[in-house]
Number of protein chains: 2
Amino acid sequence: MTPVSSWKSFGGELAVFDHDSAVCGGSMRFAVYTPPQAKNGPVPVLWYLSGLTCNWSNVMEKSGLQRAASAHGVMIIAPDTSPRGTDVPDDEAYDLGQGAGFYLTATLPPWSQHFRMDEYITSELPALISKRFPADMERQGIFGHSMGGHGALTLHLKHPELYHSVSAFSPIVAPSQVPWGQKAFTAYLGEDRNAWAQYDACALVRACPSKAHILIDQGEADQFLAQELKPELFEQACANAGQTLTLRRQPGYDHSYYFISSFMDDHIAHHADQLG
Amino acid sequence: MTPVSSWKSFGGELAVFDHDSAVCGGSMRFAVYTPPQAKNGPVPVLWYLSGLTCNWSNVMEKSGLQRAASAHGVMIIAPDTSPRGTDVPDDEAYDLGQGAGFYLTATLPPWSQHFRMDEYITSELPALISKRFPADMERQGIFGHSMGGHGALTLHLKHPELYHSVSAFSPIVAPSQVPWGQKAFTAYLGEDRNAWAQYDACALVRACPSKAHILIDQGEADQFLAQELKPELFEQACANAGQTLTLRRQPGYDHSYYFISSFMDDHIAHHADQLG
């Protein structure tokens with residue numbers, strides 16, 4: 001684990017590291033915000049998964065989440081959204097390849113060698129975090145934005161024993177039914193839609209709802225709302241499955257970090273409350 | 001005034017505009033955050049002046065100030081740090097020319113035609129704001145970072161009747177005595193140091209302290225502290241002049257927006273309190 005940079009922030013520390021990932025087959029970069037309370041012992045851990053094209057810096061620079069993380073004493077981990085580098089396959093489009101890992105294990109070449117973001121997030125990186133940071137791994141939560149909201153919902157539903165709290169900003173909830181997801185899943189997983197269901201929040205919640213209370217904020221002026229996000233599909237799936245969901249439609253807000261930052265306090269409070 | 005973009009943020013609106021500036025002789029861009037309270041009538045106005053290289057976006061994207069501005073019902077204006085464009089003179093260095101206006105009226109060529117940021121900030125832009133926004137121009141405050149802290153302190157001390165509250169993050173307080181200021185003042189104003197004093201916060205406060213309570217936060221791990229910032233010079237000048245100053249030295253903090261955001265709430269509260 002190689003330190004890249006660090007800053008004091010709201011009494012805690014934001015630090016960025018590179019490390020060699022066996023799962024992704026190369027160097028990966030991530031950021032950790034450690035709140036001041038961690039001086040006194042392990043603190044709950046909240047995983048923030050970013051959206052298409054993003055890396056650790058978007059949320060750490062633009063969401064203002066350090067303020068609430070410091071107030072509630074929660075550690076925040078911000079991984080990258082895919083493997084990156086000249087050895088890693090890529091695509092010219094912003095929504096496939098580097099920056100667009102979709103938090104899954106790709107089974108098709110050329111992606112299958114590096115693109116295993118679900119195992120990276122749920123297993124390899126937590127092992128490193130638990131060894132090197134004052135993190136209480138019994139109290140983990142997960143949240144994210146857009147593609148990262150998809151990641152948070154699906155990883156929570158598949159690993160409720162790992163993530164005891166979950167929330168999302170403008171998540172992709174039904175990737176099998178929208179262009180972003182269909183394009184990525186076809187490239188990473190192939191044409192067989194049975195393989196897609198394990199990475200589709202609507203399908204997962206129908207099959208196996210969790211005991212958590214899911215919080216979602218969605219801007220009503222989001223430019224991706226009608227074609228890519230379709231929160232009503234998840235709302236219906238949760239209702240059918242008996243999954244507790246609070247879906248808040250926020251008038252006038254778009255898909256940007258100006259939207260995310262406006263409701264970040266509520267999300268951190270939601271996780272801090274559920275993680276105790 | 002041409003709208004460039006806008007976002008809903010913390011119940012208010014962040015909007016970016018271009019306009020033709022007669023003072024600066026070209027197009028200038030600025031941002032305005034209008035808090036939700038402005039629906040009910042004019043609100044206090046707080047001017048944020050940015051540091052070297054920055055434009056409106058740094059503070060609006062990275063400081064998280066919309067949250068406190070919304071809570072306190074304060075409008076925030078973020079002007080650019082200089083005229084810009086292909087018709088505007090520039091220098092290869094980051095600390096002279098475009099992005100480095102130093103909030104003064106340049107008297108030497110090639111700068112004197114466009115570089116008149118003090119008149120732009122104190123006169124031309126406020127006239128536009130008062131005409132087009134629900135701004136209570138009787139309740140204006142000013143703050144800024146680094147070169148923008150210099151701008152805030154000097155413009156307040158020269159125009160206490162305009163700016164009833166003032167604060168700064170890691171300001172340049174004695175430009176006549178440090179490399180950044182000496183380089184810029186020599187280029188913009190010439191070798192005569194008498195012309196520099198009107199743009200030097202230490203000199204101004206010695207000549208004419210204000211009735212305001214000045215708040216300054218300064219990171220002790222700031223990489224520019226010893227050579228460019230020297231807050232002890234301003235502390236001494238204020239003590240000698242009877243100027244009320246709270247200078248807070250913050251251990252471990254650097255010059256970045258991670259520092260600024262950590263103390264932004266205190267600054268907005270300081271201004272809201274003083275502006276009533």
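In which helix of chain A does A:Thr122 lie? Select A:Thr122 and you land in helix 3 of chain A, which covers residues 117–132. Keep in mind as you look around that this is a predicted model.

**Stop 1: around A:Thr122**

Is A:Thr122 buried or exposed? A:Thr122 is buried, because its relative accessible area is 14%, and the cut-off for buried is under 20%. Now show the side chain of A:Thr122: it reaches the backbone oxygen of A:Asp118 at 2.8 Å. Next, select A:Leu155, A:His159, A:Leu162 and A:Tyr163 as well; A:Thr122 touches these residues, leaving aside those up to four places away in sequence.

**Stop 2: a pair within chain A**

Stay in chain A and pick A:Arg139 together with A:Asp136. Their side chains meet in a salt bridge, 2.8 Å from N to O. A:Arg139 counts as partly exposed, at 24% relative accessibility, whereas A:Asp136 counts as buried, at 18%. Side chains of opposite charge can pair when their charged atoms come close.

**Stop 3: zoom out to both chains**

Show chain A and chain B in two colours. Rotate by 180 degrees, with 0.0 Å of shift along the axis, and chain B superposes on chain A with an RMSD of 0.0 Å. The two copies are therefore related as by a two-fold rotation axis.

Now for the place where they meet. Each side is counted on its own: 22 residues from chain B and 22 residues from chain A take part in the contact. The copies meet through the same surface, because 100% of the interface residues of chain B are also interface residues in chain A. The size of an interface is often given as the accessible area lost when the parts come together. Between chain B and chain A, the buried area is about 1,800 Å², and carbon and sulfur atoms give 52% of that.

**Stop 4: what chain B brings to the contact**

Between chain B and chain A there are ten residue pairs in polar contact, both residues being at pLDDT 80 or more. On chain B, select strand 1 (2–9), helix 1 (56–62), helix 2 (65–72) and helix 9 (257–275): each supplies at least two residues of the side that touches chain A. Which of the elements of chain B gives the largest share of that side? Helix 9 of chain B does, with five residues. Colour the side of chain B that touches chain A by residue type and you get nine nonpolar, seven polar and six charged residues.

**Stop 5: salt bridges across and along**

Four salt bridges are counted between chain B and chain A. For one to look at, select A:Glu61 and B:Lys62, whose side chains meet at 4.0 Å, N to O. This pair crosses between chains, from helix 1 (residues 56–62) of chain A to helix 1 of chain B. A:Glu61 is partly exposed at 25% relative accessibility, and B:Lys62 is partly exposed too, with a relative accessible area of 29%.

Definitions and conventions
Residues numbered from 1 in each chain as written. Chains lettered and ligands numbered in written order. Predicted model: local features only at pLDDT ≥ 70, side-chain atom pairs only at ≥ 80, totals over all residues. Heavy atoms only, no water. Least-squares fit on C-alpha atoms with pLDDT ≥ 70 in both. Contact = heavy atoms within 4.5 Å. Buried area = accessible area lost by both parts, 1.4 Å probe. Polar contact = N/O pair within 3.5 Å; in protein donor to acceptor, adjacent residues only side chain to side chain. Helix = DSSP H or I, 4+ residues; strand = E, 2+ residues; numbered from the N terminus. Nonpolar A, V, L, I, M, F, W, Y, C, P; charged D, E, K, R; others polar. Buried < 20%, exposed > 50% of the residue type's maximum accessible area, 1.4 Å probe, protein only.
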